[in-house]
Amino acid sequence: MVEVTVTPQSSLSDRRVRVRVRGLCPAQLVTLRAWLRDEHGERFQSRAFFRADPSGEVDPGRHAALGGSYSGVWPMGLFWFLQPDTLFRRLVKRDVAGSPFLVRLEVFDGLRLDAEPPERPLGWCEAERWFVGPGVQRVPFREGRVRGALFLPP
């Protein structure tokens, strides 16, 4: 059984997480895909191709991506290289304090270039990416033409 994990499962968006896939065959070629929907329902996704190590694991922090949205060793590459399905869209979080981005991480057998892979993933998990930590207070302000928000720690 293939297991995809992200540690920690819930974290601030500027914190590093560890993505691991276990239970693959040694040297198996797989596609690891990350995707999310923004507050307007627009989908952003990234993908990277990996060859499992002799123990049947893939760790983007130790193993080089062979291609896809990026190549080489990028521990956070699946998060950093998210691209919109619709051109010229930007990934922006408006409700920074109320909800996280839910990023779904999926692993597929072989190389998958389709926007929607035709088969079910071998395994998947979800990661919460928060923009404001627990207890942080957001205070909006407006002074003339200047608008902004002050974030106060607990």
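Me: On what basis are the values given?

Reply: The model is predicted, and local features need pLDDT of at least 70, side-chain atom pairs count only at pLDDT 80 or more, and totals for chains, interfaces and linings use all residues. Residues are numbered from 1 along each chain as its sequence is written, and side-chain values use heavy atoms, with hydrogens and water left out.

Me: How is strand pairing read, and which way do E4 and E5 run?

Reply: Helices (H or I, at least four residues) and strands (E, at least two) are DSSP runs, numbered from the N terminus. Two strands pair if DSSP finds at least two bridges between them. Here E4 and E5 run antiparallel and are joined by nine bridges, with Trp 35 opposite Gln 45 in E5. The two strands form a hairpin with five residues between them, and Gly 41 in the turn has a positive phi of about 85 degrees.

Me: What other pairings involve E8, and how many bridges join E8 to E9?

Reply: E4 and E8 are antiparallel and share six bridges; Ala 34 has Leu 105 in E8 as its bridge partner. Seven bridges join E8 to E9, again in the antiparallel sense, and Arg 104 stands opposite Glu 126 in E9.

Me: In which sense do strand E2 and E9 pair?

Reply: Strand E2 (residues 10–12) pairs with E9 in the parallel sense, over three bridges. Ser 11 has Arg 129 in E9 as its bridge partner.

Me: What is a nonpolar core, and how many residues does the largest one have?

Reply: In soluble globular proteins, nonpolar side chains tend to be buried together. A nonpolar core is a set of buried Ala, Val, Leu, Ile, Met, Phe, Trp, Tyr and Cys residues joined through side-chain atoms within 4.5 Å. The largest such core here has 28 residues, and Val 21, Phe 50 and Leu 105 have the most contacts inside it. Among the elements that give two or more residues to this core are strand E1 (3–7), strand E3 (18–22), helix H1 (77–80) and strand E9 (123–130). A contact means heavy atoms within 4.5 Å. Leaving aside neighbours within four places in sequence, Leu 105 is in contact with residues including Val 4, Val 19, Ala 34, Phe 79 and Trp 124.

Me: Is Arg 33 buried or exposed, and which side chains make polar contacts with the side chain of Arg 33?

Reply: Arg 33, in strand E4, counts as buried because its relative accessible area is 3%. A polar contact is a pair of N or O atoms within 3.5 Å; within protein, one must be able to donate a hydrogen and the other to accept it, and residues adjacent in sequence count only if both atoms are side-chain atoms. The side chain of Arg 33 makes such contacts with the side chains of Gln 45 at 3.0 Å and Glu 106 at 2.7 Å.

Me: Which residues lie nearest the centre of the largest pocket?

Reply: On a 1 Å grid over the protein atoms alone, a pocket is an open set of points where a 1.4 Å probe fits, with protein on both sides within 12 Å along at least five of seven lines; lining residues have an atom within 4 Å of a point. The largest pocket is lined by 14 residues, of which Ser 13, Phe 79, Trp 80, Arg 129 and Phe 131 lie nearest its centre.

Me: Which peptide bond is cis, and where is a positive phi found in a residue other than glycine?

Reply: The bond from Thr 7 to Pro 8 is cis, with omega near -10 degrees, and Pro 8 lies in the loop between E1 and E2. Phe 88 has a positive phi, near 70 degrees, and counts as exposed because its relative accessibility is 82%. Ala 27 also has a positive phi, of about 65 degrees, and is found in the loop between E3 and E4.

How values were computed:
Buried means under 20% relative accessible area, exposed over 50%, partly exposed in between (1.4 Å probe, protein chains only).
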